[in-house]
Amino acid sequence: MISLSHVSKRYPGGREALHDVGFNIDSGELAFITGHSGAGKTTLLKLLVAIERPTAGSIIVNGQNVGSLQARAVPFLRRKFGLIFQDHKLLFDRSVFDNVALPLDIAGYGAKDAGRRVRAALDKVGLLKYEKALPITLSGGEQQRLCIARAIVHRPSILLADEPTGNLDADYANDIGELFRSFNQVGVTVIVATHDQALLARLNPRVIALRNGAMAQAS
Amino acid sequence: MKAWAAQHARCFAATFVRLARTPLGSLFNILVIGIALSLPVGLYVLIDNLQAASGHLAAEPQISAFLALDASRAEIALIETRLKQNARVQRYRFVPRDQALQELKQSSGLADVIDNLPQNPLPDAFIVSARDNTPQALESLREEIAQWPRVVHAQLDAAWARRLDATLRFGRALVLILGGLLAVALIAVTFNTIRLQVLTQREEVEVVKLIGATDAFIRRPFLYYGALQGAAGGVVAWLIVTGAVWLVNRNLGELSHVYASLFQLRQLTPLDSAVLLALPLALGWFGAWLSVGRHLRVIEP
């Protein structure tokens with residue numbers, strides 16, 4: 001489903017964030033990309049959704065070469081993913097419901113269908129009772145779960161999470177981990193970039209370890 | 001198709017909300033656009049009315065030759081022969097003094113005054129059209145006629161009509177120039193408004209780009225905003241011009257009552273109104289399109 005071979009990324013200015021990275025992730029896998037900060041985890045995720053382009057190598061997602069994708073096709077690539085960010089990237093001027101509805105709005109769902117899906121996603125992350133609230137009134141853990149609801153509402157086949165538990169205490173982190181496990185159990189490919197060892201121990205996923213922008217080991 | 005329409009409807013509603021969220025800023029923007037637009041439109045209405053008022057006046061120049069009050073029939077016949085034989089005269093018409101008085105009575109609304117005159121003060125006259133209508137030829141023909149016996153005064157009639165015509169042409173050019181300049185100004189105002197909006201909504205733009213929004217989707221609310229702002233400016237301009245014409249007509253009504261003639265300014269026609277609404281709408285859309293295309297490129301997640 002996702003295949004990288006000999007991928008390198010050099011930023012303008014000369015710093016090489018990734019060097020000769022290659023791995024495959026099959027459909028339905030639960031994979032963690034680990035490494036200390038600066039190892040290239042975030043760059044790798046950015047390459048997968050064409051926020052950045054590789055300087056060398058190929059990245060294939062669902063048979064599409066992401067590295068050479070036309071700008072026009074990028075939005076449609078991104079709709080295959082559910083993206084979860086460490087800083088949530090919520091829109092604070094609209095309600096919890098409207099935040100989750102955003103991907104459906106973009107994809108052009110009808111209001112009735114969208115409403116049903118939004119409530120299902122909010123229910124899944126335990127935020128249904130806050131649907132009319134503004135995100136600013138939610139706690140950090142709730143905001144992260146809201147971000148997850150937005151990521152899954154359009155039923156993407158791949159979930160990408162960048163340090164999803166970075167700012168959360170242990171209880172919240174466990175909730176998030178269980179959510180990832182449940183999505184993976186229904187067949188969603190889940191890719192998590194993290195250095196959270198507790199989360200790693202709990203979910204026991206496949207690990208792709210990076211060290212200074214290169215593959216440290218593959219298991 | 002239905003989903004697409006719903007998406008547009010949602011976007012339109014959201015645009016309204018956005019306009020209403022900053023009521024004062026939006027209001028002033030719309031007022032600026034409306035007042036600016038009302039200038040060329042008001043001028044257009046004025047010129048249009050002047051043209052309509054002068055429309056029945058012949059633009060073809062004529063020479064009026066006024067005879068002495070005591071000119072005899074024989075003397076009049078002599079002048080008529082001269083006109084008939086003159087190669088430079090295309091045609092002529094004799095206006096006897098009684099007929100002239102009747103015409104004045106009917107057209108000026110001064111009937112009461114004229115009825116009280118002890119005698120007819122108007123002379124007999126010939127209205128002469130020349131073969132060659134260049135100013136020099138007309139002037140020399142006028143001078144020739146003026147020197148004939150019993151002709152007291154010869155006058156080029158159409159001079160003022162042609163002057164008015166030229167003035168109207170100048171006015172129309174002015175409307176075009178003013179309109180063109182203000183169209184550019186409208187685009188500039190919209191460009192700037194949308195630039196500020198894109199910058200304040202930078203985060204939102206970034207987020208929706210990340211979750212798979214196409215450029216068209218991101219552009220849409222800004223384009224709607226620009227178009228809506230332009231159209232609202234058009235409505236304001238329409239209200240200003242219509243209100244002004246109404247006000248002028250009310251005052252003219254009293255004035256023309258006194259002078260026993262009816263002159264009213266024509267209001268904007270439905271076609272004028274439609275153009276006044278559609279043009280700023282299109283210009284606002286265009287300004288927003290320029291702005292959003294330029295500023296969205298800068299914002300990449």
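1. The model is predicted: local features need pLDDT of at least 70, side-chain atom pairs count only at pLDDT 80 or more, and totals for chains, interfaces and linings use all residues. Residues are numbered from 1 along each chain as its sequence is written, and chains are lettered from A in the order in which they are written.

2. In chain A, helices α3 (residues 96-107) and α4 (residues 111-124) have axes that come within 9 Å and cross at roughly 120°. Helices are DSSP runs of H or I with at least four residues, and strands are runs of E with at least two, numbered from the N terminus. Axes are lines fitted to C-alpha atoms, for helices over the stretch in contact, with angles from 0 to 180 degrees between N-to-C directions.

3. Residues are in contact if their C-beta atoms, placed from the backbone, lie within 7 Å. On α3(A), A:Phe97, A:Val100, A:Ala101 and A:Leu104 meet α4(A) residues that include A:Arg117 and A:Val118.

4. Between the chains, 16 residues of chain A are in contact with 16 residues of chain B. The largest share of the chain A side, four residues, comes from α3(A).

5. Chain B has an open sheet of four strands, ordered β2-β3-β1-β4 with antiparallel pairing; strands pair if DSSP finds at least two bridges between them. Its edge strands are β2 (89-95) and β4 (151-156).

6. Four bridges join β1 (residues 63-67) to β3 (residues 125-130) of chain B, and B:Phe66 has B:Ala125 as its bridge partner in β3(B). Helix α6 (residues 135-146) of chain B lies across β1, β3 and β4, at about 170° to β4(B).

Note on methods: Contact = placed C-beta atoms within 7 Å.
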